[in-house]
2 protein chains.
Amino acid sequence: MVGLADVVVLYSGGKDSNYALYWAIKSGFNVRYLVSMVSENEESYMYHTPNIELTDLQAKSLGIPIIKGFTRGEKEEEVEDLKKVLESLKIEGIVAGALASRYQKDRIEKVARELGLRVYAPAWGRDPEEYMRDIVHLGFEVIFVGVSAYGLDETWLGRRIDEKVIEDLIELKNKFGIHVAGEGGEFETFVLDMPLFKYKIVIDKAEKIWDPYTNSGRLIIKEAHLERK
Amino acid sequence: MVGLADVVVLYSGGKDSNYALYWAIKSGFNVRYLVSMVSENEESYMYHTPNIELTDLQAKSLGIPIIKGFTRGEKEEEVEDLKKVLESLKIEGIVAGALASRYQKDRIEKVARELGLRVYAPAWGRDPEEYMRDIVHLGFEVIFVGVSAYGLDETWLGRRIDEKVIEDLIELKNKFGIHVAGEGGEFETFVLDMPLFKYKIVIDKAEKIWDPYTNSGRLIIKEAHLERK
């Protein structure tokens with residue numbers, strides 16, 4: 001598993017991409033860039049959109065260059081846009097966080113194959129509970145920035161993932177069948193700190209947005225800064 | 001001058017890097033990435049720092065992936081950090097905006113030589129007045145976001161570069177010797193629109209910061225969004 005290969009990590013700022021990054025560096029990979037694909041669609045081309053700029057703060061804290069590619073966000077197009085971003089990089093592999101589906105995994109593997117790259121998905125196939133506990137035990141500071149599932153209400157936004165949260169998620173799994181690690185899109189997370197960060201992220205101003213009709217909501221981080229650990 | 005080479009454009013979001021980008025695309029270069037070096041120093045590792053995140057909006061408007069590299073910001077280190085960002089890219093050249101000095105130009109050329117890249121600096125050696133008029137005539141919408149020179153006061157922040165501004169700058173050149181295109185660090189600019197942007201940037205919220213002791217100030221763009229042209 002130990003490599004000295006040059007790789008990129010697909011990076012959204014949440015627990016999965018940060019776990020993938022952590023795994024890659026601990027496994028000896030040379031992470032040349034973080035890569036974020038940003039959607040160009042109506043909703044998300046606003047500057048003050050869900051925390052996209054915050055990946056800059058994370059990248060700065062890590063000291064790893066970040067590449068942002070843009071996509072209209074339609075499924076097939078997004079993969080082609082990712083390919084265009086990756087094809088001019090001198091890398092040997094792509095490291096991806098937890099993948100939502102076999103379909104998504106297949107598409108990333110297709111791009112990788114076309115570019116002659118390997119794909120590493122360290123969280124793929126892992127037991128969700130064990131995976132969540134691993135993240136807590138490694139010292140990741142992770143908060144919920146989006147929820148969209150029956151049983152997850154406004155109070156979850158901004159909540160930090162700890163043992164109690166995992167217990168609550170297991171209860172919700174047993175009651176309503178949600179995925180404990182949120183792989184079905186039940187929730188989105190943001191990492192404020194983890195062992196590789198040189199600085200931790202401190203939120204100065206945030207706002208909850210809740211839609212009672214869809215029973216979903218978001219924590220919009222409006223201002224944040226880095227602080228020495 | 002016509003090329004089909006793959007290049008990056010060193011990009012800060014101001015008039016010079018946008019002019020360089022415009023020149024590169026009109027000259028037939030294939031601009032694979034914009035590259036911004038972000039300083040890690042105390043002042044600038046704040047999230048709400050001088051408009052750095054706004055380059056994301058510009059990149060999105062352009063549909064060109066942007067790479068942000070991080071540097072402690074000390075002069076020699078910055079060049080080494082730039083080299084690390086560039087060395088894993090499959091490119092043939094670097095396009096740079098107006099360069100402040102022979103020293104800066106030499107350093108970028110040194111990095112390029114070490115990486116086997118060509119350097120293109122389309123604004124280098126041009127007459128400053130003619131250059132400024134060119135930018136206006138091409139339809140660039142450029143505002144002042146930083147001023148730091150005798151003769152430039154708070155009222156210049158947010159002002160849009162047009163013929164009248166150029167006349168005023170020429171007057172200040174004659175009176176106080178400032179560089180009409182700001183190459184001596186007299187001012188910093190930000191591009192809200194130019195012919196290659198698919199969307200224009202609209203500022204929703206901005207704040208002027210003025211320091212009477214150094215007679216310098218900044219316009220901090222706090223919220224902005226893209227709008228169809």
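Predicted model: local features only at pLDDT ≥ 70, side-chain atom pairs only at ≥ 80, totals over all residues.
Local features need pLDDT of at least 70 and side-chain atom pairs count only at pLDDT 80 or more, while totals for chains, interfaces and linings use all residues. Residues are numbered from 1 along each chain as its sequence is written, chains are lettered from A in the order in which they are written, and side-chain values use heavy atoms, with hydrogens and water left out.

**View 1. The interface between chain A and chain B.** Here 42 residues of chain A are in contact with 42 residues of chain B (heavy atoms within 4.5 Å). About 3700 Å² is buried between the two chains, with carbon and sulfur atoms giving 52% of that; this is the accessible area (1.4 Å probe) lost on putting the two parts together, summed over both.

**View 2. A salt bridge between A:Glu87 and B:Arg32**. The closest N and O atoms of this pair sit 3.0 Å apart. Between chain A and chain B the count is four salt bridges (a side-chain nitrogen of Lys or Arg within 4 Å of a carboxyl oxygen of Asp or Glu).

**View 3. Strand S3 of chain A meets strand S3 of chain B**. The two strands, residues 66-71 in each chain, pair in the antiparallel sense over three bridges; strands are DSSP E runs of at least two residues, numbered from the N terminus, and pairing takes at least two DSSP bridges. Look for A:Ile66, whose bridge partner in S3(B) is B:Lys68.

Terms used
Helix = DSSP H or I, 4+ residues; strand = E, 2+ residues; numbered from the N terminus.
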